[in-house]
Amino acid sequence: MKLHFLHKKNHKILFKNQKHKLLKYLLFLFAISTSFWLTAIGLPMNWTMSEVPITTDKTSWIGNSFGGKKWVQNYVEAMYVAPNGTVYTNSHWDEAGAEAAIYKDGDVLGVLSDTHGWSRGGGKAVTANDKYIYIAISQGSVGKIDKDYPPEGTTWYCVRRYDLAGKPAPFPSGRGWDQSMLITSTKSEVTGLATVGNELYISDAVTNKIRVYNTDTMQEIRSFSISNPGAIAIDQQHTLWIIQGKNAKTPAKILHYSATGEQLPQQITNVIAPGAIAIDHQGKLLIADNGTRQQVLIYNITNQPVQIKALGNKGGITSGVPGEIKNDKFYGLTGVGADAQGNIYVNNNGFQNSGTDLRKFSPSGKQLWRLLGLFFVENADADPSTDGLDVFTKQEHFTMNYQQPAGQQWSYKAYTLNGFKYPQDPRLHTSPDATFVRRIKGKRFLFLTDMYNSFLQIYRFNPTTDGTVAIPSGMFVGTNGGGKQSVPGKWPPFQPTKGEWIWRDRNGNGAFDQGEYDNSEDYPYLGGWWVDSQGDVWKTLRTQDGIRHYPLQGLDKYGNPIYTSSSRKRDKTPSIFTDLRRIEYFPETDTMYLSGFTAEHPSIGDDAKAAGSEVARFDNWSKGDRTPRWRIILPHDTTGKREIVTASISVAGDYVFSVTSKTATVNVYDAKTGTMIKTLKPGIEVNQESGWIDIPYGIRAFRRSNGEYLVFVEENWKGKVIMYRL
């Protein structure tokens, strides 16, 4: 056993001069005596408790245009472009507090302050004039009515005013702790904002009104009625073009109103899903069509609106090679705007707010710059057959060039979700976050799971029919402990009413159809999932009879992996574990790695997302050997405060990797001996920062053919995946 101590100043073991020799000798004696007493009380000496110097090796990242102090926000739900090309955005949430941000010339200029915490959130409307920025926000209760917060159980839906530097700009009648909020409703959020002159127009959908306020005093001037108003654009004649949202009986349309509220005869009814609207420098109307066209439609509105051209390929991300990222292919349009020079700005949100893809185009349609913030609570994995040159997350495919500097090794290759062809894709109905990339009989597959290990989703690829799109192929779902159906709600259709199930796309259409479920029942509390190199699926249950093995039964005629309940194998949890969590099996060497809690190091409370307090290696697993080769004590909670928790483990090549939840510390152990080798922390390339590790597979490691290790770690705070290179 090795005991090392960290120098408080720079986190390294430093004995630089003679005055440290005595200290070093005393530490040596302490280590010897500690080893003696640990042995005396019966602690096995093959348990590793070492600490080592913290090193950074090479830190890089994928998925965000920036990796340090700046970052592109998680997603954008509304956007306004000022005449000088400044882009103002808004969204309901950004983990690091950039719900509303400011961009220009391909850079992040700043964020609007104080949109995060204290029960505040952003919204889906934003506008600005030459003096102020106005955004939709929500303000919930925090028990501070005396500080002008809402009473318990009440949410204020507001317009908040900011100066152009992003600081709240109070006004005499303003509400909230800093008097910068205009409360518009306690029932529904603001759905549209626009300004012209000294007037601010607000869409109040819950009362079916447009309300008009003075931009300086923030006093209401007038209002007029319109059913279900949304985003607003004001043309050069100061008339309003308003998206009227769809309802159960009426499709969406774009209506035309005078500034005083008179409905004008012009309207646009053939845009099925208008996602955003704006006026360009020539007075043309820009409509972001978020339906199957996925284009920015450009209208001459001098008389009757006439579409004169479009920006982007018809069909967007599904055109050409489906899923392949191109400058002129859009996906999930949520923002459009134009500056005084005629440049057009477009935001793609993916589907289900899967990430920010903000682009600027010249008047001729040439892409001038692009900013990406593609991740929120997810991790990556490398394709084993391409030596790490292809990396996947739950929806994105990246190609890698490891010769490039940190943060520049990745290129955005494909967006693998086609919600129009596969509307039942589980990624549209659930929240997967971690990816396993596997090759089965030479074919690429993605396996996805979620924050609570609720399921394992399977995707196949068919370049001939679907380009780079991942096709829904199969799904494992655990037993619901309440005796109800495993997935609440109406999706997926035809699922069994209780128990657990395996779905396979037996007819190859990517939909959940009747007769495609294999139903059974088992212990309801899951610990983890694993897919080995042969395509076998493993599952742990938090019980003494807790290991399930689903051997691959081959591929069907559509290329779907076949798994069945009848071929499932059951195995007992090794006796050292009282609460089994993670599992990784390697058939090439018949080696099993398991983690969980033990009698010696029990769980304090029931932290369902923790990887456990120990990880153990078992050789000759298939032959029944259950004697651990070694046991490693992982950093774990001993106080109930969850300050130190190991969230995830990953095994690759000669090393076992683990990562802690709140500190995002990666510990590296020798897979042969269990000895700690080193500890990794985010380097200066990412401003030495990381958010918490929130997911069970927040670390994935891969060994390349040249001996280099890629270690991917979730970093949801600033919307990226950290990549260590060892």
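1. Strands E30 (residues 390-392) and E31 (residues 396-400) run antiparallel and are joined by 3 bridges. Within this pairing, aspartate 390 has threonine 399 of E31 as its bridge partner. The coordinates discussed here belong to a predicted model.

2. These strands form part of an open sheet of 4 strands, ordered E29-E30-E31-E32 and paired in antiparallel fashion. Strand E29 (381-382) and strand E32 (410-415) each have a single partner strand and stand at the edges, so one side of each lacks a neighbour in the sheet.

3. Threonine 479 lies in the loop that connects strand E36 (470-477) with strand E37 (500-504). Its relative accessible area is 7%, so threonine 479 is classed as buried, the cut-off being under 20%.

4. The side chain of threonine 479 takes part in a polar contact of 2.9 Å with the side chain of glutamate 500. The threonine 479 side chain also reaches the backbone nitrogen of aspartate 522, at 3.0 Å. Beyond neighbours within four places in sequence, the residues in contact with threonine 479 are Ser486, Gly499, Glu500, Glu521, Asp522, Tyr523 and Pro524.

5. Glycine 122 is placed in the loop between strand E8 (120-121) and strand E9 (126-128). With a relative accessibility of 2%, glycine 122 is likewise buried. Setting aside neighbours within four places in sequence, its contacts include Asn90, Ser91, His92, Glu99 and Thr115, as well as Ala136, Ile137 and Ser138.

6. Glycine 122 and proline 551 are 429 residues apart along the chain, and their C-alpha atoms are separated by 47 Å.

Conventions: Residues are numbered from 1 along each chain as its sequence is written. This is a predicted model: local features need pLDDT of at least 70, side-chain atom pairs count only at pLDDT 80 or more; totals for chains, interfaces and linings use all residues. Side-chain values use heavy atoms; hydrogens and water are left out. Helices (H or I, at least four residues) and strands (E, at least two) are DSSP runs, numbered from the N terminus. Buried means under 20% relative accessible area, exposed over 50%, partly exposed in between (1.4 Å probe, protein chains only). A polar contact is a pair of N or O atoms within 3.5 Å; within protein, one must be able to donate a hydrogen and the other to accept it, and residues adjacent in sequence count only if both atoms are side-chain atoms. Contact means heavy atoms within 4.5 Å. Two strands pair if DSSP finds at least two bridges between them.
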